[in-house]
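I'm jotting down what I look up as I go.

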Amino acid sequence: MLLNLSRKKPVPSQPAEIKAEDLPGGDGERYILAGEWRNHSISPVLKAFGDLEKSSGSGSLEIDVSGIDGIDTSGAWLIRRLMSAKAEQGRDAKLVGAEGTIEELVGALPEKTPAPPPNDQDKRSLFDRVFSPVGKTMTEFAGDFVAAMHILGSAVRGAQLKFGRGSGVSPASVVTHIDRMGVRAVPIILLMSFLIGAIIAQQGAFQLRYFGAEIFVVDLVGILQLREIGVLITAIMIAGRSGSAITAEIGSMKMREEIDALTVIGLNPVGVLVFPRLVALTIALPLLTIVANLSALYGAAVITLVYSGITFDTFLSRLKEAVDFSSVASGMIKAPFMALAIGIVAAVEGMKVGGSAESLGQHVTSSVVKSIFAVILIDAMFAIFYSAIDF
């Protein structure tokens with residue numbers, strides 16, 4: 001028994017067609033539409049359609065759609081546009097031979113395309129256009145500040161409530177975050193600080209060589225690294241590395257409604273999620289600052305030995321004379337405050353994440369930018385404060 005497995009070739013769709021003819025008696029016109037009136041097949045009739053819209057006439061008008069094989073919204077829009085154009089000329093256009101689908105689709109479209117809303121931006125005064133963005137920025141800053149204080153207070157209060165119930169803050173969570181934010185950041189902090197210390201020493205020795213004072217490069221590197229560069233660069237690196245991670249973690253939990261689930265089961269989300277991260281950052285950043293300072297000083301010692309012939313013993317003896325307790329303490333005091341700022345800003349941005357991946361990306365970027373700004377602002381405020389008390 002033989003089976004005929006041959007298939008019939010599909011009949012190719014006919015492109016859209018339109019032609020005009022006079023009605024019997026000469027008291028009007030009839031437009032006959034045929035073929036596929038879909039988006040991919042209506043291009044051949046666009047020019048003819050434009051001419052028919054502009055043409056003037058009298059009497060009744062019939063639009064015969066019985067020959068249409070298929071139609072979509074694009075074809076229906078053309079028919080509706082033709083009917084609206086003829087209505088503006090005072091002629092009554094009627095659909096003839098329309099099945100239920102075509103009639104419903106054309107009837108569902110508005111007779112006129114709605115005009116775009118007026119652009120109120122152009123009508124604003126110059127004062128409004130200049131100062132409105134400033135006002136919005138200040139309002140957003142005030143909102144972020146209030147949210148930051150709420151995050152800080154809720155974190156501390158949430159931890160106290162947990163201690164009050166006898167469960168306490170999970171040490172495992174704090175240790176885990178210290179490992180992620182501190183221990184795993186040691187290699188990049190070591191490399192970065194070594195290079196920065198080496199660059200400062202090389203450039204300083206090159207400039208001081210003209211004055212025969214290359215030995216003072218030790219003073220330059222020691223004071224600059226311990227007071228400013230060490231903690232500042234480390235905080236910026238942590239803001240980009242760990243701050244973004246905090247925002248992404250909390251933001252993804254917000255998207256998946258896990259934070260709402262914590263609230264439903266009676267836990268304080270801020271105390272559970274934010275407090276361990278704040279504690280871990282406050283512990284890790286000062287320790288990373290110490291690592292960064294030692295690495296930078298070692299890099300400077302290597303470069304001064306190679307570039308200027310200053311031995312390690314000479315470098316250390318000069319460093320002891322140039323650096324005192326205030327130089328070490330002034331940099332280390334800043335570290336916990338910068339850590340708190342990074343953690344709070346990252347948590348605030350994470351809590352503001354919406355339900356889309358685009359929102360998550362925007363708030364992660366905003367978290368890094370705002371954290372770095374906060375770190376530099378704190379450093380500037382401490383510099384002014386140290387100058388005022390002569391520390």
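**Salt bridges**

Which side chain does glutamate 321 meet in a salt bridge? I find arginine 318, at 3.2 Å from N to O. For the record, a salt bridge here is a side-chain nitrogen of Lys or Arg within 4 Å of a carboxyl oxygen of Asp or Glu. Glutamate 321 is exposed at 60% relative accessibility. My cut-offs for that: buried is under 20% relative accessible area, exposed is over 50%, and partly exposed is in between, with a 1.4 Å probe and protein chains only. Helices are DSSP runs of H or I with at least four residues, strands are runs of E with at least two, and both are numbered from the N terminus.

Before going further, a note on what I'm looking at. This is a predicted model, where local features need pLDDT of at least 70 and side-chain atom pairs count only at pLDDT 80 or more, while totals for chains, interfaces and linings use all residues. Residues are numbered from 1 along each chain as its sequence is written, and side-chain values use heavy atoms, with hydrogens and water left out.

Back to the pairs: I get 15 salt bridges by this rule. One of them joins glutamate 249 to arginine 277, with the closest N and O atoms 2.7 Å apart. That pair links distant parts of the chain, since glutamate 249 is in helix α7 (residues 217-255) and arginine 277 in helix α9, 28 residues apart. Glutamate 249 is partly exposed at 28%, whereas arginine 277 is buried at 10%.

I also looked up aspartate 379, whose side chain meets lysine 334 in a salt bridge (2.9 Å, N to O). Aspartate 379 belongs to helix α12 and lysine 334 to helix α11, so this pair ties together parts 45 residues apart in sequence. Both ends are buried: aspartate 379 has 9% relative accessibility and lysine 334 has 0%. Then there is a network: salt bridges with shared partners join Asp144, Glu349, Lys352 and Lys370.

**Largest pocket**

How much space lies in the largest pocket? I read about 850 Å³. The bookkeeping uses a 1 Å grid over the protein atoms alone: a pocket is an open set of points with protein on both sides within 12 Å along at least five of seven lines, whereas a cavity is a set where a 1.4 Å probe fits but cannot get out; lining residues have an atom within 4 Å of a point. Points are joined across faces, edges and corners, and the volume is the space filled by probe spheres set on them.

The lining has 25 residues, with Phe141, Phe145, Val345, Ala374 and Leu377 nearest the centre. Helices α4 (126-164), α11 (325-351) and α12 (357-389) each give at least two lining residues, and α4 has the largest share with nine. By type I count 19 nonpolar, one polar and five charged. Here Ala, Val, Leu, Ile, Met, Phe, Trp, Tyr, Cys and Pro are nonpolar, Asp, Glu, Lys and Arg are charged, and the others, including Gly, are polar.

**Buried spots**

Valine 375 is in helix α12 and is buried at 0%. Its C-alpha atom is 5.6 Å from that of methionine 338, 37 residues away along the chain. Leaving aside neighbours within four places in sequence, valine 375 contacts (heavy atoms within 4.5 Å) Leu232, Ala235, Ile236, Met338 and Ile342.

Threonine 304 is in helix α9 (residues 269-308) and is buried too, at 1%. Not counting residues up to four places away, threonine 304 touches Ala201, Val217, Gly309, Ile310 and Phe315.

Most residues other than glycine have a negative phi. Glutamate 257 has a positive one, near 65°; this residue lies in the loop between α7 and α8 (258-264) and is exposed at 54%. Aspartate 390 also has a positive phi, about 55°. I find aspartate 390 in the segment after α12, exposed at 71%.

**Confidence**

The chain mean is 83, and 91% of its residues reach 70 or more. Residues 1-11 have pLDDT below 50, and that stretch has zero contacts in the model beyond near neighbours in sequence.

Terms used:
pLDDT = per-residue confidence, 0-100.
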